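User: Hi, I have just opened this one and have not looked at it before. Could you walk me through it?

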Amino acid sequence: MPDPLTPEQRHYCMSRIHSRNTKPELKVRQWLWMRGYRYRLNVRSVPGKPDVVMRRYRTAIFVNGCFWHGHDGCDKFSMPKSNVEFWQAKINRNRERDQQNYQILQQNGWQVIVVWECQLTPARFEHTMWEVEILLNRNFLAINNKLRTYALPDEEPMPIAAEPETKYGE
Ligand SMILES: [Zn+2]
């Protein structure tokens with residue numbers, strides 16, 4: 001897994017990523033870049049113009065604002081008190097469009113990762129990116145046929161070696 005930075009450099013990068021004015025999608029991009037991942041931005045030919053497109057991993061990442069994309073059950077997503085119908089309709093349209101875009105991508109063999117704005121707060125950021133990294137690498141292994149399960153041969157039952165009994169602590 002690529003991580004070319006020293007702990008000090010990494011710390012410096014993290015502190016920059018957590019600076020308050022950084023847009024959510026920039027946080028994600030900076031983190032990926034720092035870890036050695038390379039990507040393309042907002043590729044127009046890709047449905048929904050994902051914030052990050054990683055061909056090598058056949059993965060599109062969308063960094064979604066909780067309000068505009070209607071993050072269900074999220075603190076950051078509460079309907080404005082006025083013009084409720086207007087906002088509701090608008091957000092519903094966004095949601096539907098999102099789902100359509102995700103579907104087209106998935107049907108074409110792409111993995112879609114949605115990262116919500118609320119998952120990028122300083123307290124949750126590292127954990128979120130750790131999950132993203134797992135999904136990326138899992139997909140990379142899957143598309144390169146490196147995920148294999150090992151089946152035991154049928155004919156010869158595997159001898160189970162009896163381990164000598166030992167007392168705890170020996
Ligand atoms: Zn949210």
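**A first walk through the model**

Analyst: Val63 stands opposite Val115 in strand 3, and that pair is a handy place to begin, bearing in mind that this is a predicted model.

User: How many bridges join strand 2 to strand 3, and do they run parallel or antiparallel?

Analyst: Strand 2, which covers residues 59-64, is joined to strand 3 by six bridges, and the two run parallel.

User: What about strand 1 and strand 2?

Analyst: Those two pair in the antiparallel sense, over three bridges, with Met54 standing opposite Thr59 in strand 2. They form a hairpin with four residues between them, and Arg58 in the turn has a positive phi of about 45°.

User: OK, what is the order in the sheet, and which are the edge strands?

Analyst: The sheet is open, with three strands in the order 1-2-3 and mixed pairing. Strand 1 (52-54) and strand 3 (111-116) are the edge strands, each pairing on one side only. Neighbouring strands of this sheet are turned by 15° against each other on average, if direction is ignored.

User: And how many residues of strand 2 are buried?

Analyst: Six of its six residues are buried. Thr59, Ile61 and Val63 lie on one side, Ala60, Phe62 and Asn64 on the other, and with all of them buried both faces of strand 2 are covered.

User: Which helices lie across the strands?

Analyst: Helix 2 (residues 24-34) lies across strand 1, strand 2 and strand 3, running at about 140° to strand 2, and helix 4 (residues 122-143) lies across strand 1, strand 2 and strand 3 as well, running at about 175° to strand 3.

User: So what is in the largest nonpolar core?

Analyst: The largest nonpolar core has 19 residues, and those with the most contacts inside it are Leu32, Met54, Ile61, Met129 and Leu136. Helix 2, strand 1, strand 2, strand 3 and helix 4 each supply at least two residues of this core, and helix 4 gives the most, with five residues.

User: What does Leu32 touch?

Analyst: Leaving out residues up to four places away in sequence, Leu32 touches Tyr37, Tyr39, Val52, Met54, Ile61, Met129 and Leu136.

User: Changing topic: where does Tyr57 lie, and is it buried or exposed?

Analyst: Tyr57 lies in the loop between strand 1 and strand 2, and it counts as buried because its relative accessible area of 7% is under the 20% limit. Not counting residues up to four places away in sequence, Tyr57 touches Tyr37, Leu136, Asn137, Asn139, Phe140 and Ile143. Although Tyr57 and Leu136 are 79 residues apart along the chain, their C-alpha atoms are separated by 6.1 Å.

Notes:
Residues are numbered from 1 along each chain as its sequence is written. This is a predicted model: local features need pLDDT of at least 70, side-chain atom pairs count only at pLDDT 80 or more; totals for chains, interfaces and linings use all residues. Side-chain values use heavy atoms; hydrogens and water are left out. Two strands pair if DSSP finds at least two bridges between them. Axes are lines fitted to C-alpha atoms, for helices over the stretch in contact, and angles run from 0 to 180 degrees between N-to-C directions. Contact means heavy atoms within 4.5 Å. A nonpolar core is a set of buried Ala, Val, Leu, Ile, Met, Phe, Trp, Tyr and Cys residues joined through side-chain atoms within 4.5 Å. Buried means under 20% relative accessible area, exposed over 50%, partly exposed in between (1.4 Å probe, protein chains only).
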